[in-house]
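Please find my note on the model below. The points are meant to be read beside the coordinates.

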Amino acid sequence: MRKTTRLRLAGALAAALVAAGIATGPAAQASQKQPTLAELAQRHGRYFGSATDNPELTDTAYTALLGSEFDMITPGNGMKWYATEPQQGVFDWTNGDQIVDLARKNHQRVRAHTLVWHSQLPSWLTSREWTADELRAVLKKHIQTEVRHYRGKVYSWDVVNEAFNEDGSYRETIWYKTLGPGYIADALRWAHQADPHARLYLNDYNIEAVGPKSDAYYQLAKDLKAQHVPLNGIGLQAHLALQYGYPTTLEDNLRRFSALGLDTALTEVDVRMILPADDAKLATQAEWYRSLTEACLAVRRCVGITVWDYTDKYSWIPAVFPGEGAALPWDEQLRPKPAYFAIRAALGGK
Ligand code: XIL
């Protein structure tokens, strides 16, 4: 073969590689490292986060991806009441601190979760009756001690978690039954006093679509804003399931909260399916991840997306929804699934 022909062929090959998105020359090689989900999200002024939990932190393959791919971390359990105040007035920051320290080391921010909830409460709190005055004092002390401990170290707090029923009525929790609906405004005010810079959220599941439950949040948020209660955002957990359909009004819903002057975030995303997973289900799941990412990018005050852990290896789903799973963008071997590539594509990555 003549030298010029060889050169021409080499050039054609390089052009074909470039067209296929495969880097060639030395300059291209320097940029061959793919941007992370966090870096892609940052190009849109958003974050991309993951929840994590303390027992998993001994898994070094797991922590490598956790530390590199995300820029926001949520402790899945470590900051809940049972963990932080296991006995009345005795506070334990071990698990929360471990995650905050790891996040700081990896230059990640923290969405702190959660102060006021009906679930995962210590038994000293649930096994006796309280007067309203007693319980208000217990709640105020818990909120202010915990928020003060993490003051300056966390980006936001899920102050109240899961306050409403599906029909939009107040959930009959220990807080609601003893203190009435005013506990929500009180909790927000106490948290704000303890850390004036933390972004304060109400957070719930099944409020992705417009409907009775998200309407209840819309009305409450409007009332709280009118009363100048320090509320900054609404967290939509987005625990989705293929068998229940995609919440097609998500973008409209995000937009109406933005119009109230509130941030929104997708805070606990997973898309579960009835097992076994197959290619068709994984393809639909990928479409859903793509759609929800696009919905957040389309609404100015949707500040970011957090998946409820990133790998099926550590998903909470199989334990709580028997027969369901495969809900996250990485599989149990930490290999990226179609959902991961769909998120990248939605964020404008290759
Ligand atoms: C889950 C944790 O991931 C599990 O490890 C734990 O056993 C139960 O709670 N909504 C929430 C989260 O707000 O706190 C829940 O986390 C999942 C549902």
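1. Basis. This is a predicted model, in which local features need pLDDT of at least 70 and side-chain atom pairs count only at pLDDT 80 or more, while totals for chains, interfaces and linings use all residues. Residues are numbered from 1 along each chain as its sequence is written, and side-chain values use heavy atoms, with hydrogens and water left out.

2. Confidence. The average pLDDT (the predictor's confidence in each residue, from 0 to 100) is 93 for the protein, and 91% of the residues score at least 70. Over residues 1–29 the pLDDT is below 50, and this stretch has nine contacts in the model beyond near neighbours in sequence; contact means heavy atoms within 4.5 Å. Where pLDDT is low, the predicted coordinates should not be read in detail.

3. Ligand site. A polar side-chain atom of Asn161 is 2.9 Å from a ligand oxygen; for Gln237 the distance to a ligand oxygen is 3.3 Å, and for a side-chain N or O atom of Gln120 it is 3.3 Å. On its own the ligand has 420 Å² of accessible area, of which the protein covers 78% (Shrake-Rupley method, 1.4 Å probe; for residues, only the protein chains shown count as cover).

4. Disulfide. How many disulfides does a search of the whole structure find? There is one, joining Cys296 to Cys302 with an S to S distance of 2.1 Å; the criterion is a pair of cysteine sulfur atoms within 2.5 Å. The torsion about the S-S bond of Cys296 and Cys302 is about -100 degrees, so the disulfide is left-handed. Both cysteines are buried, where buried means under 20% relative accessible area, exposed over 50%, and partly exposed in between (1.4 Å probe, protein chains only).

5. Helix α12. Helices (H or I, at least four residues) and strands (E, at least two) are DSSP runs, numbered from the N terminus. Helix α12 spans residues 250–259, and its buried residues include Leu250, Leu254, Arg256 and Phe257. Among the elements covering them are α11, β6 and β8. Tyr218, in helix α11, is in contact with Arg256, Phe257 and Leu260, leaving aside neighbours within four places in sequence. Just after α12, Gly261 has a positive phi of about 85 degrees.

6. Helix α15. In residues 338–346, the buried positions include Tyr340, Ile343 and Arg344. Their cover includes α3, β1, α4 and α13. Gly348 follows α15 with a positive phi near 90 degrees.

7. Backbone geometry. Most residues other than glycine have a negative phi, and most peptide bonds are trans. The peptide bond from His113 to Thr114 is cis, with omega near -5 degrees; Thr114 is in strand β3. The bond from Leu275 to Pro276 is also cis, with omega near 5 degrees, and Pro276 lies in the loop between β8 and α13. Gln120 has a positive phi of about 50 degrees and is partly exposed at 30% relative accessible area. Asn206 has a positive phi near 55 degrees and sits in the loop between β5 and α11.

Note on methods
A polar contact is a pair of N or O atoms within 3.5 Å; within protein, one must be able to donate a hydrogen and the other to accept it, and residues adjacent in sequence count only if both atoms are side-chain atoms.
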